[in-house]
Amino acid sequence: MSSTDRLPPLVVHAPRIEPALAKRIRLVCFDVDGVLTDGGLYLGSAQHEGGSVPFELKRYDVQDGLGMAMLRECGLKVAIITGRVSESVATRARELRVDACIQDPQARKLPALKRLCESLGISLDEVAFVGDDLPDIAVLRAVGLPVAVGNCTAEAARASHLQLSARGGFGAVREFCELLLTARDEWTDAVERYVHSRSVDDVAVATEIPQ
């Protein structure tokens, strides 16, 4: 890539996450309602074959999705852990190709995370988790890098190492992805690889990165 093809240098401030801590992380987990979404739920029903079929709609942020994809592109495992069961979440998880999508209607997130870590050979100390409310507290207290969105509850903030500026569903996930990869000294190179992959007419180079 020539120098003229590169983006202008990024202005990177001092990392908000200690680089040694950031580099220790191997798995990044996200809550859904209030983190990947704004917490709003659209509930309704539709008629199908003479019966009423309930449905649930959620709003997701495309920039958040690309941030999660960049984590995976940099070699990190990414998981979704939520206390609601929704086909919307399953669909979004498939789109983003996350490594795991756990939906527990009882919101028993910590036991679910422990099972996931055991299956991946990862310790809780190597996990980052982004949450926003009381169902996330147990996980936030257990992981190596607990993070809360900008509009989290006071309890979630107290349990977190870092509180983001952006609100859940409105860029908080993307903010964290950039902060983590910047602290790992990987964000700028990841951006360049992405831009380059979208600048060439070569399927082998322009690998699909979901949003």
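Modeller: Of the 211 residues of the protein, 47% count as buried, where buried means under 20% relative accessible area, exposed over 50% and partly exposed in between, with a 1.4 Å probe and protein chains only. This is a predicted model: local features need pLDDT of at least 70, side-chain atom pairs count only at pLDDT 80 or more, and totals for chains, interfaces and linings use all residues. Residues are numbered from 1 along each chain as its sequence is written, and side-chain values use heavy atoms, with hydrogens and water left out.

The protein has eight helices and eight strands. These are DSSP runs, numbered from the N terminus (helices: H or I, at least four residues; strands: E, at least two). Contact means heavy atoms within 4.5 Å. Among contacts between residues at least 6 apart in sequence, 58% join residues at least 24 apart.

Now helix 2. Two packed helices are described by the angle between their axes and the distance between the axes. Axes are lines fitted to C-alpha atoms, for helices over the stretch in contact, and angles run from 0 to 180 degrees between N-to-C directions.

The axes of helix 2 (residues 62-73) and helix 7 (residues 172-183) come within 7 Å. They cross at roughly 30°. Helix 2 and helix 7 are therefore roughly parallel; the classes are under 35 degrees for roughly parallel, over 145 for roughly antiparallel, 65 to 115 for roughly perpendicular, and oblique for the rest. The crossing is left-handed, that is, the near helix is turned anticlockwise from the far one by less than a right angle. Helix 2 contributes Gln63, Asp64, Leu66, Gly67, Met68, Met70 and Leu71 to the contact. From helix 7 come Ala172, Val173, Arg174, Cys177, Leu180 and Leu181. By class, nine of these residues are nonpolar, two polar and two charged. Here Ala, Val, Leu, Ile, Met, Phe, Trp, Tyr, Cys and Pro count as nonpolar, Asp, Glu, Lys and Arg as charged, and the others, Gly among them, as polar.

Helix 8 is another partner. Helix 2 and helix 8 (residues 187-197) pack at an angle of about 105°, with axes 11 Å apart. The two are therefore roughly perpendicular. Leu66, Met70 and Glu73 of helix 2 meet Trp187, Ala190, Val191, Arg193 and Tyr194 of helix 8. This contact has six nonpolar, no polar and two charged residues. Leu66 and Met70 of helix 2 take part in both contacts.
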